[in-house]
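Subject: Structure handover

Hello,

Here is the structure I promised. Please open it alongside this note; my findings follow below.

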Amino acid sequence: EFRFLAGSIGRAAAERITLAFERARSEQLPLFAAPTSGGTRMQEGTPAFLGMVKISAAVAQFKAAGLPYVVYLRHPTTGGVFASWGSLGHVTVAEPGAMIGFLGARVYEALYGRPFPDGVQVAENLHARGIIDAVVPVERLAEMAARTLSVLDARHTDRPPVARPGEPAEDPYAGLEPPLPAWDSILLSRRTDRPGVKALLKLGASDVLLLRGTGQGEHDPGMLLALARFGGTPCIVLGQDRHRKTLEEPLGPGGLRVARRGIRLAADLDLPLVSIIDTEGAALSKEAEEGGLAGEIARSLADLVMLPAPTLCVLLGQGTGGGALAILPADRVICAQHAWLSPLPPEGASAIVHRSIDRADEMAAAQRVRSVDLRADGIVDRIVPEHPDAASEPEAFCHRMAEAIHQELDDLWRADPATRLVRRLERYRRLGT
């Protein structure tokens with residue numbers, strides 16, 4: 001509380017904060033923090049300074065117990081508080097206009113003889129940079145906290161299983177429109193009015209809370225991270241927002257680091273993870289190479305394959321190259337009828353094989369990229385119909401896809417976790433054999 005010695009943390013305050021985390025852990029309660037502090041108490045010196053280690057250890061043990069931690073940074077929050085428990089939340093939001101930073105502006109000016117640049121240590125700037133998730137006025141705080149905790153602190157209930165019409169064994173393609181050539185589906189998936197991940201969340205999900213960036217100063221608008229519910233089932237959503245990206249600004253390594261933040265959230269809280277693929281492909285550029293794109297794809301694949309939480313992948317539209325593959329591994333994969341998956345765009349594959357892009361349609365057919373081919377090859381488990389394509393019926397399609405997601409998540413969450421992981425590993429071991 002800033003009105004008392006600038007909200008600084010001395011030894012007694014550090015002990016009280018640590019006890020709060022320990023009590024919440026023992027009682028299996030989520031924890032909500034709302035600091036306003038100048039940081040470590042200078043009057044108590046180094047022993048108070050080391051209290052930040054004690055508090056951070058308590059936060060780490062609390063999060064290791066799978067309990068949610070939400071932080072609301074008030075004006076001001078600086079120094080050791082921001083550098084410890086103020087930056088360790090699963091979700092972190094801030095008061096509008098709040099001064100938030102590690103360095104004290106007065107200290108900077110005293111040491112360097114010039115004022116610290118304006119506009120850096122402001123909540124809105126931190127949000128733009130992907131350090132905090134949202135800027136929330138205090139009058140909306142209770143609603144935001146309730147919505148956040150309703151997802152983060154969800155427990156599987158004893159409600160009856162969701163009704164799930166099974167695919168007839170003799171015809172797994174029942175209810176679909178007659179299959180089109182692969183190239184025709186690709187052209188449909190590229191329609192600019194085709195519903196993407198944001199439309200799916202708006203029309204088919206509830207309690208949606210968009211998170212921003214990695215929390216470490218990196219944000220890629222092509223990778224959406226959100227908390228949401230599908231039909232009451234909570235989950236973490238990773239979604240490629242293809243409408244925010246073009247061939248001139250494709251998904252980069254930062255987007256995959258955003259995705260890996262979502263994977264960690266799912267692991268921390270044992271929440272289902274839904275990954276939604278709709279991308280023209282990852283960046284092919286000097287910046288992407290130097291930013292570690294290949295390594296981020298590899299790490300994302302490894303993280304997803306071994307994630308203890310339930311996982312569901314949705315092929316929503318375009319599924320091109322390593323950018324799509326990076327968030328594909330899952331317990332179950334469902335696919336929109338005109339979605340597709342390939343190592344490169346068909347034009348690129350044609351250029352490699354035929355030295356011309358003019359045979360892209362032939363390559364698409366030969367590479368078995370269509371939903372029906374992916375289903376036959378064991379890559380996709382379920383196809384969601386389009387009548388005749390998603391852009392022609394966006395609302396009905398999004399409701400149909402959301403219901404399929406709800407059914408699959410309910411099945412996955414009810415499965416034994418150890419058995420589920422074994423089956424996932426077996427699934428990808430069998431591919432291609």
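Two strands are counted as paired if DSSP finds at least two bridges between them. The model is a predicted one.

First, the parallel sheet. Four strands form an open sheet in the order β1-β2-β4-β6, with parallel pairing. β1 (31-33) and β6 (134-135) are its edge strands, each pairing on one side only. Strand β4 (residues 91-94) runs parallel to β6, and two bridges join them. Val93 stands opposite Ala134 in β6. Helix α7 (residues 141-152) lies across β1, β2 (69-73) and β4. The helix runs at about 160° to β2.

Next, the antiparallel strands. Strand β7 (residues 206-211) pairs with β8 over four bridges, in the antiparallel sense. β8 is also joined to strand β9 (residues 233-240), by eight antiparallel bridges. Ala226 of β8 has a bridge partner on either hand: Leu210 and, in β9, Val237. β8 and β9 form a hairpin with two residues between them. Gly231, in the turn, has a positive phi of about 60°.

How many residues of strand β8 (residues 223-230) are buried? Eight of its eight. In a regular strand, side chains alternate between the two faces of the sheet. In β8, Met223, Leu225, Leu227 and Arg229 point one way. Leu224, Ala226, Ala228 and Phe230 point the other way, and all are buried.

Last, the surface. Phe49, Leu50 and Val53 form a nonpolar patch with about 300 Å² of accessible area together. Val53 sits in helix α3 (residues 51-64). Val53 counts as exposed because its relative accessibility is 53%, and the cut-off is over 50%.

Best regards

Note on methods
Residues numbered from 1 in each chain as written. Predicted model: local features only at pLDDT ≥ 70, side-chain atom pairs only at ≥ 80, totals over all residues. Heavy atoms only, no water. Contact = heavy atoms within 4.5 Å. Axes fitted to C-alpha atoms, helices over the stretch in contact; angles between N-to-C directions. Patch = residues over 30% accessible without salt bridge, like charges linked within 9 Å, V, L, I, M, F, W, Y side chains within 5 Å. Areas by Shrake-Rupley, 256 points an atom, 1.4 Å probe, with all protein chains shown as cover. Salt bridge = Lys/Arg side-chain N within 4 Å of Asp/Glu carboxyl O. Buried < 20%, exposed > 50% of the residue type's maximum accessible area, 1.4 Å probe, protein only.
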